Amino acid sequence: MKAGGGPNRSGNRAATTAKRRQASKAARVSGPAKTKVEAPAAPDVEQLAIELQEARERQAATAEILSLISDSPTGIQSVFDRIVKNAARLCQSVLSAVYRRDGDHVDLVAHDQFSPESVAAVRKAYPAPLTSKNLISVAIRERRVVHEPDVLISGGYSELQRTSGYRSILVVPMLRDEVAIGAIAVMRLEPQLFPRAQVELLKTFAGQAVIAIENTRLFTEVQERTRQLSQSLEDLRAAQDSLVQTEKLAALGRLVAGVAHELNTPVGTSLTVASAFLNKADRFEANVAGGGVRRSTLTEFIAAGREAASQVMINLNHAIDLIQSFKQVAADRNVSDRRGFDLGQVTRQVVKGLRYGLRRNLAVSVECEPNLAMNSYPGPYGQVLTNLVINSAVHAFPDGARGSVRIAAQASGKHNVEVLFSDDGCGMSPEVKRQVFDPFFTTRRDQGSTGLGLHIVHNIVTNRLGGRINLETKPGAGTKIRIIVPREAPFAAE
């Protein structure tokens, strides 16, 4: 109780009694009066303005910290530094600090308004054991807010208190999934509790600090995971490159074996014919030397020579054709120039040239949408059609069976065209379909097929023409090959 408090209260009661008596006398003179309702006291506008301004400052401070977290996911120290500055300013504290838990110890990671003496004291006291009576350790260990109006009474003060002289302290733990990972503290010289709004603000700062820590942890984990995935990708690419090189060598081996197999027949036949003719020549030479050459012998020798030369020419031409096919497999880039043309016109020209060499039991029809302007490679495109028609003639209609082939072309969107090649032949089994575009795969090798036709088609469509190809077939249900290529073909690499 303050000195002089009693008399003051007595004086107030006397004044109140006098006013009541005066009011009663006036009422008796003037008669009954209407009851007067007093208006509530006007709010303190100045106080409301102050509170509103403080709320705006708190909101601005929390928004600033969130912006720091968003802009720099790994800049955790800058977040801590900003938190202690805003906490010191908005809580009117003499000191503010952020502490982090590291195992069984607590360490100071950010502070504001520390004097050199306070800094020296902190360096001596931290890292502090989590089991100590230090109020920071208590708040983290017990996962609770520590709010002391006067540490000189409650205890728990440290060398920092002796150097700075603070009396009240507010410590809010930073909780992540109910685990305390640190704390934020503000300290004042005045021995009094912090207002509720400031306590809530510090809790908000603690939550933001946890967000910053989690962002940094997650970002670091993502970076490490990304590094591991990048390394795994590099290893995978290296293994893939190794497999590609191995496959290239295997493909080269298959190519050489295919070349040897295909060329062996015409070359072997030519050698046999040449060897037989040499034997005839030796006998003829012996007859000439003995003087026993008759006209019939000479005529026979000339006929044998002509036959041998004819056989050699036929087989050598076959070998030349095979070599040309192998060159096509190597994707010779100089087959044709890139130019503008009408797809329907070129398609009809190619089919017209093929009809003369096809069996009469195979009908080929063409249906093309008009004005399919292309800027592409007509030569390779013609090679695709030729190989498809010949492949159907040989494989889709065995033993001279009658059948038909249909070629249809139309626009596919604004920039592409679609060419549909279909036959009503015997179709393919799933196993054959799976390998049909592989080089040297054929089911008619004994009939002279090299197995390069559809492989060449696939290479031209996907590489030179820049398109894609899809095959649909079933045994006994014919075959459909859908080709989609751009009107503007990619330029061939030099």
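1. Phe277 is partly exposed in this predicted model, at a relative accessible area of 25%, which lies between the 20% limit for buried and the 50% limit for exposed.

2. Two aromatic pairs turn up in a search of the whole structure. In one of them, the ring centres of Tyr99 and Tyr126 are 5.3 Å apart and the planes meet at 40°, so this pair is tilted. Tyr99 belongs to strand E1 (residues 95–102), while Tyr126 is in the loop between helix H4 (116–125) and strand E3 (128–129); the pair therefore ties together parts 27 residues apart in sequence. Tyr99 is buried, with a relative accessible area of 2%, and Tyr126 is buried as well, at 12%.

3. Phe277 and Phe301 form a stacked aromatic pair, with 5.5 Å from centre to centre and 25° between the planes. Distant parts of the chain are linked here: Phe277 is in helix H8 (residues 196–290) and Phe301 in helix H9, 24 residues apart.

4. Helix H9 (residues 295–329) also holds Ile302, which is partly exposed at 43% relative accessibility. Together with Val288, Val293 and Leu298, Ile302 makes a nonpolar surface patch of about 300 Å².

5. Buried residues in H13 include Leu454, Ile456, Val461 and Arg464. The charged end of Arg464 sits over the ring of Tyr377, 4.8 Å from the ring centre. After H13 comes Gly466, with a positive phi near 70°.

Methods: Residues numbered from 1 in each chain as written. Predicted model: local features only at pLDDT ≥ 70, side-chain atom pairs only at ≥ 80, totals over all residues. Heavy atoms only, no water. Buried < 20%, exposed > 50% of the residue type's maximum accessible area, 1.4 Å probe, protein only. Helix = DSSP H or I, 4+ residues; strand = E, 2+ residues; numbered from the N terminus. Patch = residues over 30% accessible without salt bridge, like charges linked within 9 Å, V, L, I, M, F, W, Y side chains within 5 Å. Areas by Shrake-Rupley, 256 points an atom, 1.4 Å probe, with all protein chains shown as cover. Salt bridge = Lys/Arg side-chain N within 4 Å of Asp/Glu carboxyl O. Phe/Tyr/Trp six-rings, centres within 6.5 Å; stacked < 30°, edge-to-face > 60°. Lys NZ or Arg CZ within 6 Å of the ring centre and 35° of its normal.
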